[in-house]
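Open your viewer and load the model. This tour goes stop by stop: what to select, and what you will find there.

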Amino acid sequence: MAIVMDDLDHPIEPGFNHWLAWNVIPVERIPGNLPQGAMIDTPIHMEQGIGYGKHYYRGPKPPFNWNHRYKFTIYALDTKLHLDASSRKKDLLEAIAGHVIAEGELIGKYQRKHK
């Protein structure tokens, strides 16, 4: 599987990529607190590209009290991907072209509360 997370309401770059991962082993639930790194094996195996400037899931982070929509797109693939750790969303989408056997998306709205 491959996963892409985008901030649809980013004020400078709508659709700003927050996270991408590939060669994700299919599981019922992806656990929280995923570690940093281009490749992780625990709690599940996945490779993480450059999203939000880092190799890890950073989650929603809208500034102030703004509402932002975040879109998770999940791709089921018919092949293992061989991408460089410096890969970005464009590279991932090029690599999966012709290999997607199913896909789905979830859009959620997030508002960070400041104290």
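Helices (H or I, at least four residues) and strands (E, at least two) are DSSP runs, numbered from the N terminus. Colour by these elements: the chain has one helix and six strands. Read from the N terminus, their order is β-β-β-β-β-α-β. The radius of gyration is 14 Å, close to the 13 Å of the globule rule for 115 residues, so the chain is as compact as a globular protein of that length. That radius is taken over C-alpha atoms, and the rule is 2.2 Å times the number of residues to the power 0.38.

Two notes before you click. This is a predicted model, in which local features need pLDDT of at least 70 and side-chain atom pairs count only at pLDDT 80 or more, while totals for chains, interfaces and linings use all residues. Residues are numbered from 1 along each chain as its sequence is written, and side-chain values use heavy atoms, with hydrogens and water left out.

**Stop 1: the whole chain**

Show the C-alpha trace. Along its principal axes it spans about 45 × 30 × 25 Å. The chain exposes about 7000 Å², and carbon and sulfur atoms supply 53% of that. Accessible areas come from the Shrake-Rupley method with a 1.4 Å probe; for residues, only the protein chains shown count as cover.

How many of the residues are buried? Of the 115, 32% count as buried. Buried means under 20% relative accessible area, exposed over 50%, and partly exposed in between (1.4 Å probe, protein chains only).

Contact means heavy atoms within 4.5 Å. Take the contacts between residues at least 6 apart in sequence: 62% of them join residues at least 24 apart.

**Stop 2**

Select Ile3, in strand 1 (residues 2–7). Ile3 counts as buried, at 2% relative accessibility. Ile3 and Ile74 are 71 residues apart along the chain, yet their C-alpha atoms are separated by 4.7 Å. Now show the contacts of Ile3, leaving aside neighbours within four places in sequence. They are Trp19, Leu20, Ala21, Val24, Ile30, Thr73, Ile74 and Leu92.

Move to one of those partners, Thr73. Thr73 lies in strand 5 (residues 67–77). Is Thr73 buried or exposed? Thr73 is buried, with a relative accessible area of 5%. Beyond four places in sequence, Thr73 touches Ala2, Ile3 and Val4, and also Glu103, Gly104 and Glu105.

**Stop 3: Asn23**

Select Asn23, in the loop between strand 2 (16–22) and strand 3 (39–40). Asn23 is buried, at 9% relative accessible area. Check its backbone: phi is positive, about 55°, although Asn23 is not a glycine.

Where does the side chain of Asn23 reach? It reaches the backbone oxygen of Leu81, at 2.8 Å. This is a polar contact: a pair of N or O atoms within 3.5 Å, where, within protein, one must be able to donate a hydrogen and the other to accept it, and residues adjacent in sequence count only if both atoms are side-chain atoms. Apart from neighbours within four places in sequence, Asn23 contacts Met1, His45, Met46, Glu47, Lys80 and Leu81.

**Stop 4: Asn33**

Stay in the loop between strand 2 and strand 3 and select Asn33. Phi of Asn33 is also positive, near 55°, in a residue other than glycine. Asn33 counts as exposed, at 80% relative accessibility.

**Stop 5: Pro43 and Gln48**

Go to Pro43, in the loop between strand 3 and strand 4 (46–48). Look at the peptide bond joining Thr42 and Pro43: it is cis, with omega about 5°.

Finish at Gln48, in strand 4. Gln48 is buried, with a relative accessible area of 0%. Display its side chain and two backbone oxygens. The side chain of Gln48 reaches the backbone oxygen of Pro35 at 3.3 Å. The backbone oxygen of His55 lies 3.3 Å from a polar atom of the Gln48 side chain.
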